[in-house]
Amino acid sequence: MTGSGPRTAKKWPVLLLAAVLTVMPAGCMGVKQVNRISFVTVLGVEPGADGGVRVHALAAIPAKYGSLSPDGASSGVSSAPDYILSAEGADLSDALYKLKRKSARDIQFGHTKVVLFSDELARQGLANQMDFLMRREELQSILWIAITKGSPVPVMKMRTATPEAVGDWLVDIFSQAGSDTAEIIPIMLYQFYDYMFEPGTTPYAAVIEPLPDEQTLTAKEMAVFGSDKLLGTIPAEDVKYVSLLRNSKVLPTTFTLPEEQISFVLLNENSKIAWRNGRFKVRLELKLDLDQTSAGEMKANRLADAEAKLNEKAKGEIEKLLAELQRLHADPIGLGERYRLAHGGHLDKDEWLRRLFPEQTFDVQVKAEIQRKGMLE
Amino acid sequence: MKLPMREREVHYPILLFISTICLSITRGVQNSLAISVGRNGIWLFAPCVALVLFGTWLGMRIVRRSQAGSLMSAGAALGSRWWPPVSYLLYSLLFAGGSAYMLLLSGDFFSRTLLYGDSKLLITLGAILICLAATFNIESIARNAHLMTLFILPLFLFVSLLPLKTAQWSYLYPVVDPPDWHDPVAGTAAIMTMFIPLGASTLLMTRMKDKRSFRSLTVLMLAVALFASYMYAMGIATQGLAVTKRIAFMAHGTYGTIRIENFVFERIMFLAMLMWEYMCVLTSAFMVRCAVFCFAQMLSVRLKHYHLMIFAAILIVLLRQAARPQFFLAFTIWVGCYSMLMLAAYPLLLYGWMLARGRKP
């Protein structure tokens, strides 16, 4: 099967042709230099006129980014590290194409890290937008999704104190490489898309809003969805319970007994959710550390009381959260997945959210254990 | 000390291993499987690999008994002079189908990802490059596979393990799911597509004249089936079954879920796809050479470079007509069914015929 055999000397025309093909038509011709490209870091989407969408693209100026500039970041320089291009179109594809009319440079979306949707658009439903984002191969499926109250432009125009670029701020928050808190649960594009279709869970996204000082962004709420439509929000204090019950990575959070003026820091947790005998059993175990700064006059014999009060408080807050989610017909915790597993593996998403989920009853148990007792008398 | 610059022997099962592992994560295998049998696809790889290995074992047994050079020429020993040319033609069509599948897939994939543009242009360039690569003799292609086993495959397998970080295991339940068993023939055909290179097993391995190659092939094919099943399961566990049925390329989506903060290969998906493309070039070149070789054998002529060029031209003309959105999945089923016939049914038929003629293999 060797055919003509190893006649290397006669291979040179073939090798030359392969090299020419590799370098010219299939490879290095028509390459654009990096300084002729605009790299979009954040996309903002809101409803446009006539049922279309309005898109805002936050394009980075490479010299203002520490990781891109050879001289480091431009600390102290007054101009913004990025600029916003906006366009309106019948759909996301149309609007993104129209952005090209407003830029002298090629626009690359491969480095987009975050997509912000206005709450108004999210209430109408994000199915079309998500479908487009997933199908456009240039965009990474690991970009983060977040919601803004009103237009995303004020968030995109914000010049945060540090890091200077709002894109970096959002990446630091969502990647949990910078700020890490259980009160923000980041969600990536592929997860959001997955939860839109999987019967046992529904999408969620942090709500980002600017504060009046024009230097600070905050995530005080989490938006919860049915399949693709925004149904309501839950406050950040409750988001930590969603995080704990989802068995997400353990992140810092606190539990406070206001009357006693004592705070506890979470060391570890374990949650179990099972559907048995016609109802959900929700069990949450918390390992806590008495926060040194608030230890105050606490005596050792008060610890048992504190644990009991914490158990009651957390139980009440979880029951309230579950009732709110039932009212909203949203299931970001993934209770439907437990229900599906307990019922042979099949579940209709609509039936679960509309009829079954609101009917469920919960037996919530919380067991807090104060592991470190700090400087006690 | 003089370094050994030339190996004495090429281990062909490695070439078959690299080719099948490359095909195992393609869109035609994984996406067609998700659409036709859902979660059942996770375990369906096991009976399919057993069937293919059984067919290969029968083929090698027939070849050894008839003392022919390959399964294609074994028919001559049974007294029919028409059998070998027909047999070579049938296998040539199998490899041509496999080549066309790979070129359609690569052209379509790269026209949507790294080199956004006209898929027909990329299919044309791909066919030219692959046919140029196929001008290297089969030993060179096999040695290239050896190098890939050393330098490409370990990193590729390592990257393939990373989706374990993002897996949601409950998505795999129930693994045996009768309501999802929509089209078992299409599902089996989809898996059989990845075993097309095994059609060349009797052409290549009888040269080694020992049983070691079949043992090695068995182990490597079981490993490929395990890998394919793992990647299929990871696709469902990371993206959910509903999404895997909707997206264009399941394995690409699975690699896309990997995120490694502050790592040089932060876009690890790109790295995995780059390594996969190296294997695609090798696999396509191997199948093109096999297709043209079988055709030349049918005509009883020696393989020449211009045969490869003619084949490239035919491929380009046909594939440019076939580059349509819905054609690809249908083509996968045809090629898969044909692969099932040639890898399992054909050796069984030949074996039965030999038995009927009283020549027990």
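Guide: Helices (H or I, at least four residues) and strands (E, at least two) are DSSP runs, numbered from the N terminus. By that rule, chain A has 11 helices and 13 strands. This is a predicted model, in which local features need pLDDT of at least 70, side-chain atom pairs count only at pLDDT 80 or more, and totals for chains, interfaces and linings use all residues. Residues are numbered from 1 along each chain as its sequence is written, and chains are lettered from A and ligands numbered from 1 in the order in which they are written.

Visitor: What is the mean pLDDT of chain A?

Guide: pLDDT is the predictor's confidence in each residue, from 0 to 100. For chain A the mean is 85, and 85% of its residues reach 70 or more. Within chain A, confidence is lowest in helix α1 (residues 12-28), at a mean of 70, and highest in β5, at 97. Chain B has a mean of 88, with 92% of its residues at 70 or more. For the complex, the predictor gives an ipTM of 0.89 and a pTM of 0.90.

Visitor: Into which domains is chain A divided?

Guide: Domain bounds come from an automatic or database domain assignment. Here chain A is split into domain 1 (32-235) and domain 2 (253-377). Two residues are in contact if their C-beta atoms, placed from the backbone, lie within 7 Å. On that basis, 15 residues of domain 1 of chain A are in contact with 19 residues of domain 2 of chain A. On the domain 1 side, β8 (217-225) and β9 (230-235) of chain A are the elements that give two or more residues. The largest share of that side, three residues, is from β9 of chain A.

Visitor: Which residues of helix α4 of chain A are buried?

Guide: A residue is buried if 20 or more other C-beta atoms lie within 10 Å of its own, exposed if 12 or fewer, and partly exposed in between; C-beta atoms are placed from the backbone. In helix α4 (residues 127-135) of chain A, the buried residues are A:Gln129, A:Met130, A:Leu133 and A:Met134. Seen down the axis of α4 of chain A, they fall within an arc of 130°, so they line one face of the helix. The arc is that of the directions from the helix axis to the C-beta atoms. Their cover includes β1 (37-47), α2 (92-99), β5 (114-118) and α7 (189-197) of chain A. Of the 377 residues of chain A, 38% count as buried.

Visitor: Which peptide bond joins B:Tyr173 and B:Pro174, cis or trans?

Guide: Most residues other than glycine have a negative phi, and most peptide bonds are trans. The bond between B:Tyr173 and B:Pro174 is cis, with omega about -5°. B:Pro174 lies in the loop between α7 (153-161) and α8 of chain B.

Visitor: What is the phi of A:Asn277, positive or negative?

Guide: A:Asn277 is not a glycine, yet has a positive phi of about 50°. This residue is in the loop between β11 (262-276) and β12 (279-290) of chain A. A:Asn277 is exposed, with 7 other C-beta atoms within 10 Å. A:His329, also not a glycine, has a positive phi of about 60°. A:His329 sits in the loop between α9 (303-328) and α10 (335-342) of chain A. With 19 other C-beta atoms within 10 Å, A:His329 is partly exposed.
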